[in-house]
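Hi,

Here is the structure I promised to hand over. Please have a look at it first, and then read on for what turned up.

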Amino acid sequence: MRNEHGDFIWYELMTDDAPAATAFYSRIVGWRASPADASAAEGYQLFRADGPPVCGLLPLTQQMRASGARPGWLGYIGVSDVDATAEAVRHAGGAVLMPPVTMEGVGRLALVQDPQGLPFYIMRGAVDMPSQSFAQNAPRDGHCAWNELATPDPEGALAFYGSCFGWEVADSLDMGPMGAYRMQRNPPHRTLLGAVMTAQEAPPGWSFYMRVPDIDAAAAAITAQGGSLLMPPGEIPGGEFTLAARDPQGAAFALIGPRMA
């Protein structure tokens, strides 16, 4: 069976130095890279953890950079109908940055942004095979474990994503001056998909927390490989630890995992 409408199904790194980025993330997260098939963009790489691909790497061309694209991570939300959802995004105050297009053997997708200007993809895959990129029910190293939106307008974001994808607030954590941390759930699932919070000092946007087996080892590897820590490992409810970092090409990313020492 395919994923439900509103599930995260894929993650993609845009970078201007594909070989360096591939080497960096293989050391930090443990991904193995392989070229995509001929239906994908030129130079597209697939990252694997313990089985099927979990995310991809898209090399930025000069044309992309001239249009404003910069290194960063984007998420793909699975939908039942890309064209109808693109229209729903417009109706809810968002925008369509790249109109729906069909990629042979991959699926139909569109690049959109929410009313706060934060981009993401919507997609319906070409086959009825569930994505394993977001390990929602069984935590797995190398897979995404949490999707977090930091936005200047949490209430507006909650209304938008609820309207377009059916997400609902499952729980809320009071973070004091930082406001509420609203956990999100896609109703067909019992487990949480992520959270919405107020953007603070860091630029607003989506953060995708990839799972690693040892958060301190990952933090040390980040700096050793030329990246930088934006937020050192900190404990979260449940006893795990998270960090925020930037890779050598400038893309921000996040990790989650246990402290083994």
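Let me start with Phe120, which is buried at a relative accessible area of 1%; buried here means under 20% relative accessible area, exposed over 50% and partly exposed in between, with a 1.4 Å probe and protein chains only. Phe165 is buried too, with a relative accessible area of 2%.

Before going further, a word on the source. This is a predicted model, in which local features need pLDDT of at least 70, side-chain atom pairs count only at pLDDT 80 or more, and totals for chains, interfaces and linings use all residues. Residues are numbered from 1 along each chain as its sequence is written, and side-chain values use heavy atoms, with hydrogens and water left out.

**Aromatic pairs**

The structure holds 23 aromatic pairs. Rings of Phe, Tyr and Trp (its six-membered ring) pair if their centres lie within 6.5 Å, and planes under 30 degrees apart count as stacked, over 60 as edge-to-face and the rest as tilted. Phe24 and Phe253 make an edge-to-face pair, 5.9 Å centre to centre with 80° between the planes. This pair links distant parts of the chain, since Phe24 lies in helix 1 (residues 18-28) and Phe253 in strand 16 (residues 252-257), 229 residues apart. Both Phe24 and Phe253 are buried.

The ring centres of Phe120 and Phe165 are 5.9 Å apart and the planes stand at 70°, so this pair is edge-to-face. Here strand 8 supplies Phe120 and helix 4 supplies Phe165, 45 residues apart. Ring pairs join both into a cluster with Phe8, Tyr11, Phe160, Tyr161, Trp167, Trp206 and Phe208.

**Helix 3**

Helices (H or I, at least four residues) and strands (E, at least two) are DSSP runs, numbered from the N terminus. In helix 3 (residues 82-91), Val82, Thr85, Ala86 and Val89 are buried. They cover an arc of only 105° around the axis (taken from the directions from the axis to the C-beta atoms), which puts them on the same side of helix 3. At the start of helix 3, the backbone nitrogen of Asp83 has a side-chain oxygen of Asp81 within 3.1 Å. Gly93, with a positive phi near 100°, follows helix 3.

**Strands 14 and 15**

Strand 14 (residues 228-235) and strand 15 (residues 241-246) pair in the antiparallel sense over five bridges; pairing requires at least two DSSP bridges. Ser228 stands opposite Arg246. The two strands form a hairpin with five residues between them, and Gly238 in the turn has a positive phi of about 105°.

Best wishes

Terms used. Polar contact = N/O pair within 3.5 Å; in protein donor to acceptor, adjacent residues only side chain to side chain.
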